[in-house]
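Please review the following briefing alongside the sequence and the model. The points are grouped by topic.

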Amino acid sequence: MAAPKVAVVGAGVIGLSTALCIVETCASCSVTVLADQFSPNTTSDVAAGMLIPHTYPGTPIHVQKQWFKETFTDLFAISNSAEASEAGIHLVSGWQIFKNPPKEDLPFWSDVVLGFRPMSEAELQKFPQHRFGQAFTTLKCDCPPYLLWLEKRLKATGVQMCTRKVADLWELHSEYNVIVNCAGIGAHQLVGDKKLFPVRGQVLKVHAPWVKNFIREGDGSTYIYPGIHRVTLGGIREKENWSLSPDPGTTKDIFDRCCSLEPSLRGAQDIEVKVGLRPSRQCVRLQTEVLRQGGVKLPVVHNYGHGSGGFSMHRGTAKEAARLVGECIAALQGSSLRSKI
C-alpha cells in the first residue's frame, strides 16, 4: 500500500492540533487539512483560550482529566520554550470566585494547574459580593497567534492546507484513505449530528495592560482573561442561537459585569467585539466510524463537540484521535496485504 492519505476536515484548534498529532505519530502518512475557513476566521479565533476545563456530563471524569493533563503538559512545555511568544502561550495567575461555596471540594483538574488553593480572607476583600474563591496559575493561549504557529509547524512537516468546503464526507473517498472530522459546529450539517448544538458566545477584546490577573465567576458566566496584548472580557452562553452578529446590549452587559469585578476596566481602550458558536454536546464525539456505500468502505475518525472546553482539552483529544487514525491505517494495510496473498 502506498503512503496512506489522511484528510483532516476543519482548521480550528481541534483540526490543526489533530493534524499535528497524526504527523507526529504516523510518519508515513500524507496529511491534508481541508477547511472553508482558516485563521483568523475560525470559531477558535474568538475563544478566550484559558485552560480551565468545563465538565462534559457524558464523558468519564478520569478521561476528561487525562485529556486536560496531556494538554496542560504540552502547552506548559511550549510556555517554557523560546517559542512561547510566537505561539501566544503564557502562564497567568488569578482567582475563581463564588457567591456561595461550590458543592464539590476540589474540581477534578485542581492538581493539574499550578498552586491551587483556597483564597485568603485578604484576597476575598477584593470581591465583597463573593464569599469563597480559589487561587491558581494556569495557561492562556492567545488564539490567533497559536493557530498560526500550529499552521507553520504543519507546513514545515509537508502538510497541505487547502481551502475547500466539504459538503459530504463521501466526496473525499476517492482521494483519501482516512477522513478525520474536526468540523466543529459544521458537523451539525456535515454528518447530521442532531446531538450537536451551538452555544453562542460573545466576547470583548480590550486594551487594558494593567490587568495582570484573571478573574472568573465560578459558573463561568463572567470572566476577565489577560492575554499578551489584549484582555478578553466575557461572557455569554446562548443555546441554539446561530447568530454571528454582535449584540450591542450584550456588549454593554458584559462590560458592566466585568467592571463590577475589576472597576479599573472602565479605563479600557479600543474595545473589539467578537462572536463565535461553541460546538456543544453532552460529550465530545471521539470515535471511529466506518461509512459504507455499496461495497466501498470509508474510515472516519470523529473529533468534535468540545463546546467551551476546546482549548483545555485539544491536545489530549488530538492524541486520542491520532491513535484511532493509526488503528484505521493498520487495518487498511492489513486488508491490503491479505488481498495480495
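S44 is in contact, meaning heavy atoms within 4.5 Å, with G12, V13, C143, L147 and F311, leaving aside its neighbours within four places in sequence. The side chain of S44 also reaches the backbone nitrogen of V13 at 2.9 Å. This is a predicted model, in which local features need pLDDT of at least 70 and side-chain atom pairs count only at pLDDT 80 or more, while totals for chains, interfaces and linings use all residues. Residues are numbered from 1 along each chain as its sequence is written, and side-chain values use heavy atoms, with hydrogens and water left out.

**Annotated positions and helix α2**

- An unreviewed UniProt entry carries the annotation "binding site" for T43, S44 and V166; UniProt positions are given in the numbering used here, feature names are shortened, and annotations may be inferred rather than shown by experiment.
- S44 is buried because its relative accessible area is 12%, where buried means under 20% relative accessible area, exposed over 50% and partly exposed in between, with a 1.4 Å probe and protein chains only.
- T43 counts as partly exposed because its relative accessibility is 37%.
- Leaving aside neighbours within four places in sequence, T43 is in contact with G276 and L277.

**Helix α6**

- Helix α6 spans residues 143–156 and has 14 residues.
- From its first C-alpha to its last, α6 reaches 20 Å, close to the 20 Å expected at 1.5 Å a residue; the expected span is 1.5 Å times one less than the number of residues.
- The buried residues in α6 include C143 and L147, both of which are in contact with S44.
- Y146, W149, L150, E151 and L154 are also buried in α6.
- Just after α6, G158 takes a positive phi of about 90°.

**T232 in strand β11**

- T232 is placed in strand β11, which covers residues 231–234.
- T232 counts as buried because its relative accessibility is 2%.
- The side chain of T232 makes a polar contact with the side chain of K205 at 3.4 Å; a polar contact is a pair of N or O atoms within 3.5 Å, and within protein one must be able to donate a hydrogen and the other to accept it, while residues adjacent in sequence count only if both atoms are side-chain atoms.
- Not counting residues up to four places away in sequence, T232 touches A48, V203, L204, K205, Y223, I224 and Y225.

**Backbone geometry**

- Most residues other than glycine have a negative phi, and most peptide bonds are trans.
- The peptide bond from S39 to P40 is cis, with omega near 15°, and P40 is found in the loop between β2 (30–35) and α2.
- A cis peptide bond also runs from G234 to G235, with omega near 10°; G235 is placed in the loop between β11 and β12 (238–239).
- E240, a residue other than glycine, has a positive phi near 60° and is placed in the loop between β12 and α8 (248–261).
- E240 counts as exposed because its relative accessibility is 53%.
- D270 has a positive phi near 55° and is likewise a residue other than glycine; its place is in strand β13, residues 269–293.
- D270 is exposed because its relative accessible area is 55%.

**A pair distant in sequence**

- P128 lies in the loop between α5 (121–124) and β5 (132–141).
- P128 counts as exposed because its relative accessibility is 67%.
- P128 and L261 are 133 residues apart in sequence and 9.4 Å apart in space, C-alpha to C-alpha.

**Cysteines**

- A disulfide is a covalent bond between the sulfur atoms of two cysteines.
- With a disulfide taken as a pair of cysteine sulfur atoms within 2.5 Å, the count comes to 0 disulfides.
- The sulfur of C141 is too far for a bond, because the closest cysteine sulfur, in C143, is 6.2 Å away.
- C182 is in no disulfide, and the nearest cysteine sulfur, that of C21, is 10 Å away.
- C141 is buried, with a relative accessible area of 0%, and C182 is buried, with a relative accessible area of 7%.

Conventions. Helix = DSSP H or I, 4+ residues; strand = E, 2+ residues; numbered from the N terminus.
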